[in-house]
Amino acid sequence: MKARIETIKEKKIIGKSIPMSYIENKTFQLWSSFMPVRKEIKSSTDSNLYSLEVFPVGYFDNFNPGKIFQKWAGVEVSDFNEIPSGMETLIIPTGKYAVFIHKGPATQADKTYQAIFTQWLPNSGYQVDERPHFAVMCEKYKKDDADSEEELWIPIKNNV
């Protein structure tokens with residue numbers, strides 16, 4: 001499993017969020033409410049879609065799939081001057097990320113995440129940092145198509 005390491009500058013996101021857990025997955029509900037209104041966002045920087053998870057501090061210290069986190073559907077924007085009704089803002093702070101390419105249907109992304117957290121991360125010299133995790137879905141993303149691709153961004157910091 002290969003990762004590229006990138007340090008990003010702050011990103012501004014406008015979208016919708018919902019509290020959920022891995023056991024009570026509400027991703028479909030979230031995206032079903034976001035997609036019909038995403039064109040109302042006027043300051044988007046490109047056509048990419050962002051699927052984000054904002055985990056409570058210490059979430060991965062003692063993993064429990066029933067723990068609640070905030071799931072987001074959104075787009076990157078240049079500013080927060082116009083926020084459509086019913087939408088929220090999120091800032092992804094500057095920081096280092098390990099970036100992986102998930103190839104295949106979105107329904108099989110859990111296998112890629114499992115490999116990241118059980119194989120790559122323990123052998124990488126890094127640990128998960130307390131910043132948003134996100135996936136970027138660009139023109140290569142085709143949801144449940146075998147040829148679909150998306151980038152998985154995991155926040156990292158050097159092991160202490």
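Predicted model: local features only at pLDDT ≥ 70, side-chain atom pairs only at ≥ 80, totals over all residues.
A polar contact is a pair of N or O atoms within 3.5 Å; within protein, one must be able to donate a hydrogen and the other to accept it, and residues adjacent in sequence count only if both atoms are side-chain atoms.

Residues are numbered from 1 along each chain as its sequence is written, and side-chain values use heavy atoms, with hydrogens and water left out.

## The whole chain

The chain holds 2 helices and 9 strands. Helices (H or I, at least four residues) and strands (E, at least two) are DSSP runs, numbered from the N terminus. Along the sequence the order is β-β-α-β-β-β-β-α-β-β-β. The radius of gyration, taken over C-alpha atoms, is compared with a globule rule of 2.2 Å times the number of residues to the power 0.38. The chain has a value of 15 Å, close to the 15 Å that the rule gives for 160 residues, so it is as compact as a globular protein of that length. The C-alpha trace spans about 45 × 35 × 30 Å along its principal axes.

Of the 160 residues, 42% count as buried. Buried means under 20% relative accessible area, exposed over 50%, and partly exposed in between (1.4 Å probe, protein chains only). A contact means heavy atoms within 4.5 Å. Take the contacts between residues at least 6 apart in sequence: 76% of them join residues at least 24 apart.

## Aromatic pairs

Rings of Phe, Tyr and Trp (its six-membered ring) pair if their centres lie within 6.5 Å; planes under 30 degrees apart count as stacked, over 60 as edge-to-face and the rest as tilted. The count comes to 18 aromatic pairs. Two of them are set out here.

| Pair | Type | Centre to centre | Angle between planes |
|---|---|---|---|
| Trp31 and Phe34 | edge-to-face | 5.7 Å | 85° |
| Phe55 and Phe69 | tilted | 4.9 Å | 45° |

The Phe55 and Phe69 pair links distant parts of the chain, 14 residues apart. Phe55 sits in the loop between strand E3 (49-54) and strand E4 (69-77), and Phe69 is in strand E4. Phe55 is buried at 13% relative accessible area, and Phe69 is buried at 2%.

Trp31 and Phe34 both lie in helix H1 (residues 27-34), 3 residues apart, about one turn of the helix. Both are buried.

Ring pairs also build a cluster from Tyr22, Phe55, Tyr59, Phe60, Phe63, Phe69 and Phe117. Lys67 lies over the face of Tyr59, 5.3 Å from the ring centre. A charge sits over a ring if NZ of Lys or CZ of Arg is within 6 Å of the ring centre and within 35 degrees of the ring normal.

## Two buried polar residues

Glu53 lies in strand E3. Its relative accessibility is 7%, so Glu53 counts as buried. The side chain of Glu53 makes a polar contact with the side chain of Lys71, at 2.6 Å. Beyond its neighbours within four places in sequence, Glu53 is in contact with residues including Phe69, Pro132 and His133.

His102 belongs to strand E6 (residues 95-103). At 2% relative accessibility, His102 is buried too. Its side chain makes a polar contact with the side chain of Thr112, at 2.6 Å. A polar atom of the His102 side chain also lies 3.5 Å from the backbone oxygen of Gly104.
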